[in-house]
Each structure stands twice: as structure tokens, then as C-alpha cells.
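Thanks for coming. I will take one model today and keep it short.

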Amino acid sequence: MFDNIAPKYDFLNHFLSLGIDRVWRKKAIRILSEYHPGQILDVATGTGDFAIAAAQINPKKIIGFDLSEKMLDVGRAKVERLKMSWLIEFQKGDSEAMPFPDKQFDAITVAFGVRNFENLESGLKEFFRVLKPEGVAVILEFSKPKYFPMKQLYHFYFFRILPLIGRMVSKDSSAYSYLPESVMAFPDDQKFLSVLQKVGFSNTKQKRLTFGIATIYLAQK
Ligand SMILES: C[S@@+](CC[C@H](N)C(=O)[O-])C[C@H]1O[C@@H](n2cnc3c(N)ncnc32)[C@H](O)[C@@H]1O
């Protein structure tokens, strides 16, 4: 699915979110900056926007990791254009079975990625394994607004408007219906924090953004 929508992914991301996705990524990276990470692994990096945002905090190395070669190709071209190839490297693979040794990274970042994992727990266990002791995971993911009227407005936009525009621009018949469905099915808030704790993370915290449309989760090994 992501191979299919890769050429239009960035445009649709910024258009459908009215640019707010950029603000959310920046906020998450600001939180990460307090930990001064050297080696960062950006899981489900897609076209690399979160990895590029992480470059602002001067890490030594960033690896962007994703299943979709076509999304990575868009990321590679962007990073070359920005002259960041010395810092950001892309690698293809499955985040539920990563080819990295234990305790390699100071930080893991993921934006809008964990929701797509086949098995959330095994993906998060992999995060725990490849992080150094006291390493942090910063996870940005869609969540569900709880209160009137944002909840109702959000449902209308997410289920009626967004799939229509997504289908027209990307020409993919299902990708942008999958998006709201996957958000509804995904554990957010305390439920997500419990999964992080279950796989071994401590100091778990969350910051809800824009009426709860998205949430930044923070967890430490
Ligand atoms: C919605 S995009 C997010 C891209 C990017 N992080 C961003 O902020 O725009 C989700 C990405 O997750 C990737 N993905 C889904 N499951 C994966 C897995 N098991 N391992 C690695 N990447 C995965 C997809 O290929 C896709 O590029």
C-alpha cells in the first residue's frame, strides 16, 4: 500500500493535515532534544520527514528504517536535496525483526508507524532490544479526540472528507479509508502506555496534541 501511494504521500500528508503534521513532528523532536541522543533510529521512516526533523538536534547518526522501498526512495532524494546524506542513511526492513544488534541506539523515533505493525507488542519489544539502557523511544501517533464538538467534527472529516480527497489524489482506492479505520482500531492514551510498560519500558508519558487528534508517547529503557 505504501509503495503505491509513495509519490503523493508527502503532498497528501501536509494537505490533509493543513500542515499540522509538521508542527507535531517538531514538538516531538523538541521533547527528544532533552536527551541529547547520538545514534537515532527512525522506524517506519517512510519518506524521512521525522528523520529530517531529528537532524535539528545535532545527533551523530540517523538511520531511517522502513518496509517500503518506494517510500525510502522519496526519502533518499529529499535527503540528497537537503545535503544531509552524510547524516541520514536509509535501510529497508521490517521493524518487527530488525537487523540491528542489542543496545545500539540512544533513541528511537516513530511517526505514524506503530499503528501499521502486524503485531504491536513484538514491534515494541524490538525497540526495547535495540535501545541502549536509559535510551528513549519517542512515538508520535494518531489518537482519538474524546470530547464534543471536536470528536464529532473529527469523525466527519476523517471518515467522509479525507478518504475522498486521498482517493482522488493518490488514485489508491483503499489507503485513505484504511487510515481512519486503523486509527479507530488502535490502542491510544492509557492503553498504549500499558503496552509500552508490558514490554519493559519505564517513565512512560504522553502529551496529547490538537484536541487529542495525535499524541506523543515517551518511554525509557
Ligand atoms: C504513515 S507512514 C509514516 C511515515 C513517516 N514516519 C512520517 O512521519 O510521515 C507509515 C510507514 O510505516 C511503514 N511500515 C509499516 N509497517 C512497517 C514495518 N513492520 N516495518 C517497517 N516499516 C513499516 C510503511 O512502509 C510506511 O512508510
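I will go through the sheet, then some backbone details.

This is a predicted model, so to speak of local features we need pLDDT of at least 70, side-chain atom pairs count only at pLDDT 80 or more, and totals for chains, interfaces and linings use all residues. Residues are numbered from 1 along each chain as its sequence is written.

Start with the sheet. It is open and has seven strands in the order β3-β2-β1-β4-β5-β7-β6, with mixed pairing. Strands here are DSSP runs of E, at least two residues, and helices are runs of H or I, at least four, both numbered from the N terminus; two strands pair if DSSP finds at least two bridges between them. At the edges are β3 (88-92) and β6 (202-209), each pairing on one side only.

Inside the sheet, β4 (residues 105-111) and β5 (residues 131-142) run parallel, paired over six bridges. I108 sits opposite A137 in β5.

Now the backbone. Most residues other than glycine have a negative phi, and most peptide bonds are trans. E134 is not a glycine, yet its phi is positive, about 70°. E134 belongs to strand β5. Is E134 buried or exposed? E134 counts as exposed because it has 11 C-beta neighbours inside 10 Å; the cut-offs are 20 or more other C-beta atoms within 10 Å for buried, 12 or fewer for exposed, and partly exposed in between, with C-beta atoms placed from the backbone.

T210 also has a positive phi, near 45°, and lies in the loop between β6 and β7 (214-220). With 16 such neighbours inside 10 Å, T210 is partly exposed.

Last, the peptide bond from F148 to P149 is cis, with omega near 0°.
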